[in-house]
Amino acid sequence: MAKRKKESDLPKVKLNKENLKKSLRLFSYIGPHKWKLIIGMIFLGFTGLTALLFPKLMGDLIETADFNADEINRMGLILLGLFTAQAVFSFFRVVLFVNVTENMLSAIRQDTYNTLVKMPMQFFSSRRVSELNSRVAADISQIQDTFTTGIAEFLRQMIIVIGGITALFFTSVKLSLLMLATIPIFAIVAVFFGKFIKKLSKETQDKVADSNTIVGESLQGIANVKAFTNEAFEMLRYKFAVNDIKKIAIKGGLARGAFSSFIIFCIFGAIVLLVWYAVKLQNVGELTQSELITFILYTIFVGASIGGLPIQYAQIQKAIGATERVFDLIDEEPEVIIENSTPQPIHGKLSFKNLKFAYPTRPELTVLKNISFEAKEGETVAIVGPSGAGKSTIASLILRFYEPQDGQMLLDDVPASEFTLHDLRSQMAIVPQDILLFGGTIKENIAYGKPEASNEEILEAAKKANAHEFIMSFPEQYETIVGERGVQLSGGQRQRVAIARAVLKNPVILILDEATSSLDSESEKLVQDALDKLMQGRTSFVIAHRLSTIKNAEQILVLEDGEIIERGTHADLLEKENGLYHKLIQLQMELN
Ligand SMILES: Nc1ncnc2c1ncn2[C@@H]1O[C@H](COP(=O)(O)OP(=O)(O)OP(=O)(O)O)[C@@H](O)[C@H]1O
């Protein structure tokens, strides 16, 4: 089961000059919104400063108890002004930061997607797409959180910690020293317990993942579980996994309980110690009542901010890692797709000359060895052979999804590399084995072959593909939603939608990768008829599994282990009684 990445799963990176420099590249995306960030930062500074003034003015307010009523009111009003100002600064700070971040992120999202869509096939064959997708989503939302709140909170808390400690010393040096002396104890215990608890919670997470795997695997393969009457075995397997989770989680609970009671003891201990010492200082006239209040408020502010710093720091570390990964992706080398409004025309002659190919992910396995053939304009070339012989690979190379290691492909006797990928692919169409219909309407799915097509053209294409009738039988007709949230089409219907798509594209070169799963004879006839019409007047490559469909091909290439071992027309090949084609035909006849 593909596990969806969450922000909390993202790794933290150690901050260094290099990754900080890389992250600064984010600012290049801020562009015209720079002034918003600057004003936001100024407001942030003001929010920190007004927060710092608060304890001092509260102390002053209490001191006015000894003065007249006017003085008390004046101080009250000053405080009212202060927190009103703080609220206003906060509002604009948040609004500006969100505005800058969202502008920046929409540009990053667009760049990431643009790069992904333009990456060569090789990139996708070496990565799991679902993993890539969820990773990018998690990385981008980490950057979003950090930019909207993380950085601002970190800076605000830093201002309060530094400013607050300075103010504490101004209020009472002796009390400040005593308070600071207690911090190392907290810090050491927190680090020690923190590490231990983190280790346990990681172990719990791993065990939970293990148990989820059991659930996922057994439910996905429930037919197997039942067929082997292995319900009891699976229940036992799950019981062990769940017990493991319980044991570690309970141990974690003990550690957390001990930690929180220790912290409570220390916090109250420290408060009592400080107040006890403060009262002693007051007793000997070294501290006034208002100074004590100011001191306590500063202590609370500084304590809360110190407590929040590690969380914000960790968030920034994660965001820096996320930024690095997003930029690494944006910096990948995409395919060069140059769009010409009028593509360099191709006429349809296509040949392979001594072509050799291995997939980049498995360079040691030569999938195609020394392949040569020539398809004349308008000819149908069928490619047959056992599973894994390399038939679909030839189709991928015609579309230039990959580059051969040796030899070349020629179009109209010109090396394929002299055409741009857009020129080439815009004049080719493929009806693949696994037909992917997007989750839109049938009309949109057909129009994928030519997005600017008119309604008439779409209708015409559907008719040619023998799809019009079944489409009209749905209540919503061409507006019927297909895919997960709509009508599920049958295999034959999907194929005819895919054929309509190809008809609309009106390609010079056509590739048909025949579906292996057989259709019922009625449906097969409709599909075959649609394909025959589609192939007329185009150079067509048919990867055929049902040999009956290729009898009329001008050329049949018989492929085995990446080599063409026989070639000729159906009649030629049938004559070779010991040949592979002859054998394949016989085998299929026996099966039928
Ligand atoms: N993306 C890929 N990366 C690495 N190896 C691949 C990839 N796609 C296919 N192969 C390997 O290349 C060989 C040829 O595969 P190909 O799909 O071209 O065979 P095929 O003749 O079309 O088979 P089938 O009739 O089963 O579709 C196989 O050994 C296969 O494992």
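Which side chain has an N or O atom 3.2 Å from a nitrogen atom of the ligand? In this predicted model, that side chain belongs to Arg 362, whose N or O atom stands at the stated distance of 3.2 Å from the ligand nitrogen. Taken on its own, the ligand has 640 Å² of accessible area, of which the protein covers 71%.

The shell around the ligand comprises 15 residues, and the closest of these are Ser 387, Gly 388, Lys 391, Ser 392 and Thr 393. When the shell is divided by class, 9 of its residues are polar, 4 are nonpolar and 2 are charged. Helix α10, which spans residues 391–398, makes the greatest contribution to this shell, supplying 3 residues.

Helix α2 (residues 34–63) packs with helix α3 (residues 69–118) at an angle of about 155 degrees, the axes being 8 Å apart. Because angles over 145 degrees count as roughly antiparallel, α2 is roughly antiparallel to α3. The crossing in which α2 passes α3 is left-handed, and the residues of the contact between these two helices divide into 22 nonpolar, 8 polar and 3 charged.

Helix α2 also packs with helix α9 (residues 289–330), at an angle of about 155 degrees and with the two axes 8 Å apart. The helices α2 and α9 are therefore roughly antiparallel to each other, and the crossing of α2 and α9 is right-handed, whereas α2 passes α3 in a left-handed crossing.

Methods: Residues numbered from 1 in each chain as written. Predicted model: local features only at pLDDT ≥ 70, side-chain atom pairs only at ≥ 80, totals over all residues. Heavy atoms only, no water. Near = heavy atom within 4 Å. Polar contact = N/O pair within 3.5 Å; in protein donor to acceptor, adjacent residues only side chain to side chain. Areas by Shrake-Rupley, 256 points an atom, 1.4 Å probe, with all protein chains shown as cover. Helix = DSSP H or I, 4+ residues; strand = E, 2+ residues; numbered from the N terminus. Nonpolar A, V, L, I, M, F, W, Y, C, P; charged D, E, K, R; others polar. Axes fitted to C-alpha atoms, helices over the stretch in contact; angles between N-to-C directions. Parallel < 35°, antiparallel > 145°, perpendicular 65-115°, else oblique. Left-handed = near helix turned anticlockwise from the far one by under 90°.
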